[in-house]
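Trainee: I have a model open and would like to talk it through with you. Could we go over it together, one question at a time?

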Amino acid sequence: MALNDITLGQYYPGDSAVHRLDPRVKILLLIALIVAIFLAGNLLAYVPVILFLGLVSSLSKVPVKMMLKGLKPLRFILILTFLLNLFFLQGETPLLNLGFAVITKEALITAVHYSLRLVLLVLASSLLTLTTPPITLTDGLERLLSPLRAIHFPAHEMAMMMSIALRFIPTLLEETDKIMKAQTARGADFESGNLIARAKAMVPLLVPLFVSSFRRAGDLAMAMEARCYHGGEGRTRLRVLKCGKLDYIACGCVALLIAAVVLCGKVY
Amino acid sequence: MAEPIIVADHVSFSYDDEGPQAVRDVSLTVQRGSFHAILGQNGSGKSTLAKLINGLYTPGAGKVTVCGMDTQDEKNTWEIRRRAGMVFQNPDNQLVATVVNEDVAFGLENIGVPTEEMPGRIEKALRDVGMLEFAGRAPHTLSGGQKQRVAIAGVLAMQPEAIIFDESTAMLDPQGRREVMAAVRRLNREQGITVLWITHFMEEAVECDQVHLMHEGQIVMSGTPKEIFADAAKLKPYRLDAPPMARLAQRLRSQGMPIRQGVLTVDEMAEEVARLCR
Ligand SMILES: Nc1ncnc2c1ncn2[C@@H]1O[C@H](COP(=O)(O)OP(=O)(O)OP(=O)(O)O)[C@@H](O)[C@H]1O
Ligand SMILES: [Mg+2]
């Protein structure tokens, strides 16, 4: 089992306008986009959303295949949503009589509507995670949530935890690989047997991994303290996030999109 | 010039009240700009002493002063840690950020250095340890020696006056050890940064100004490398071996070659042999 070729998150490196947007703006715009998708009252209203997502993804130069990958784990839910709506919704204009159920026009429209909504929601969020490195995303979230410090929400601590996790995931993977090889050399078998046998085989892997993680955590805490870490208080940052022209343009585009969605919903 | 920068005055410390003392009545003075080594076998209290100096622990008895500041006083803690930085043993467990230059920035962020000032200080620190070209790399893609040099840069960026190295080469291969040693020597020589070098490699201690030998929490011997390593027999009770060149000199002497006392490094040995061959 090759553990070292696991890529972190699903970031697709690039230097497009979408990649360069301020992460805070991107997060807020995603929320706006989600609102827009929920606002869409009919199928026509999805047209501007689809056009917008198409435009942004082509701007970002992320391959369509990568975008669609995000849908794969959801395929069963998608099909289920579609079929349940199709068969069980009551409507006025029958399209097809299957004997056990009657498919109506209204049911078909609703089925398409709900599945499309789900697809668009996933695609919109994928666009954010595909064009923003996890660490930048963390940064953006920290800044957005920092006003909540007033009510003792640990925004800085959460971001620090995230970034330490990101730093140590490759290190821990390497270590897991090493321990697995060592245990395999002693005759351990991680790949055959039923579920219980395999779960049992993981014990000699997880125990040393846990022990060493705790030691690492202790070491790291000591090293951080030695480097004067004392929480978010009075801390400055190397990377400061700044909104630029690009970000304002993006905000404008999303505002227009919401207007278009609302308009389309009215026209119909 | 002989201004003391780190002073331990009859310092004792134990991890739990009933337990044995990890550090017992240790007194130590390190002059500004000098290079001191602390030697000792496993569990002799070296790391504990280092952490006492850095203010990570405070002494149970006695007093530790760094740059004139008492470590017991909590007001001084951050300033002491800035001025006397520390580099640890495990290269994997002391880098915090996902990118090298951001890791170097970590300390600066903690002490509130203005953002505009950071890039310049990071660049200088990375250049000083020869890691500038790796500024954009992820730590896990670096070798052990390179990781340690990044850790040094992280301390260096904070413009310390002294750096304590707690067995910082112990987990490295010979190549990595040489890299790190060379970087530290250069910092000591060119920038006058005081170095307290904790190790159990004898050969790393031969080129420093003062060696302190720790055993069961006490400093049992202090002196120049020549004084300490003059007599291998004196090191035996502390289960330490003389440095390789001192042992070689001993053997050559027993074979009848009149190698003079105090030959500790490869260079000195080469010179001495050349002298005898003339
Ligand atoms: N966190 C701790 N809690 C309790 N006892 C400790 C702790 N750390 C060290 N000790 C004990 O204190 C003594 C000195 O340990 P210390 O780590 O200072 O030795 P060291 O010289 O650094 O050894 P090494 O060469 O293995 O790093 C040892 O007997 C050790 O068992
Ligand atoms: Mg130690």
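Trainee: How many residue pairs are in polar contact across the interface of chain A and chain B?

Mentor: Keep in mind that this is a predicted model. Pairs are counted here with both residues at pLDDT 80 or more. On that basis, the number of residue pairs in polar contact between chain A and chain B is 16.

Trainee: Which element gives the largest share of the side of chain A that touches chain B?

Mentor: Two elements of chain A give two or more residues to that side, α8 (155-185) and α9 (195-226). With nine residues, the largest share belongs to α8(A).

Trainee: How do the residues of that side of chain A divide into nonpolar, polar and charged?

Mentor: Chain A brings 29 residues to the contact, and chain B brings 38. The chain A side divides into five polar, nine charged and 15 nonpolar.

Trainee: Nice. Which residues of chain A lose the most area to chain B?

Mentor: Start with the total: the two chains bury about 2900 Å² between them, with 57% of it on carbon and sulfur atoms. On the chain A side, three residues together account for 30% of what is buried, and they are A:Arg167, A:Arg227 and A:Leu238.

Trainee: Which residue of chain B meets the side chain of A:Arg239 in a salt bridge?

Mentor: The rule finds five salt bridges across the interface of chain A and chain B. In the one formed by A:Arg239, the N to O distance is 3.1 Å, within the 4 Å cut-off. The partner is B:Glu102.

Trainee: And within chain A, how many residues apart in sequence are the parts that A:Asp139 and A:Arg237 tie together?

Mentor: The closest N and O atoms of A:Asp139 and A:Arg237 are 3.5 Å apart, and the pair forms a salt bridge. A:Asp139 lies in helix α7 (residues 134-145) and A:Arg237 in the loop between α9 and α10 (245-267), so the pair ties together parts whose separation in sequence is 98 residues.

Trainee: How far apart are the C-alpha centres of domain 1 and domain 2 of chain A?

Mentor: The domain assignment gives domain 1 as 11-132 + 241-267 and domain 2 as 147-226. Their C-alpha centres are separated by 36 Å.

Trainee: Last one, on ligand 1: how far is a polar side-chain atom of B:Glu167 from an oxygen atom of the ligand?

Mentor: The residues around ligand 1 include B:Asn42, B:Lys46 and B:Glu167. For B:Asn42, a side-chain N or O atom is 3.1 Å from a ligand oxygen, and for B:Lys46 a polar side-chain atom lies 2.8 Å from one. For B:Glu167, the distance is 2.8 Å.

Definitions and conventions
Residues numbered from 1 in each chain as written. Chains lettered and ligands numbered in written order. Predicted model: local features only at pLDDT ≥ 70, side-chain atom pairs only at ≥ 80, totals over all residues. Heavy atoms only, no water. Domains from an automatic or database assignment. Contact = heavy atoms within 4.5 Å. Buried area = accessible area lost by both parts, 1.4 Å probe. Polar contact = N/O pair within 3.5 Å; in protein donor to acceptor, adjacent residues only side chain to side chain. Helix = DSSP H or I, 4+ residues; strand = E, 2+ residues; numbered from the N terminus. Nonpolar A, V, L, I, M, F, W, Y, C, P; charged D, E, K, R; others polar. Near = heavy atom within 4 Å.
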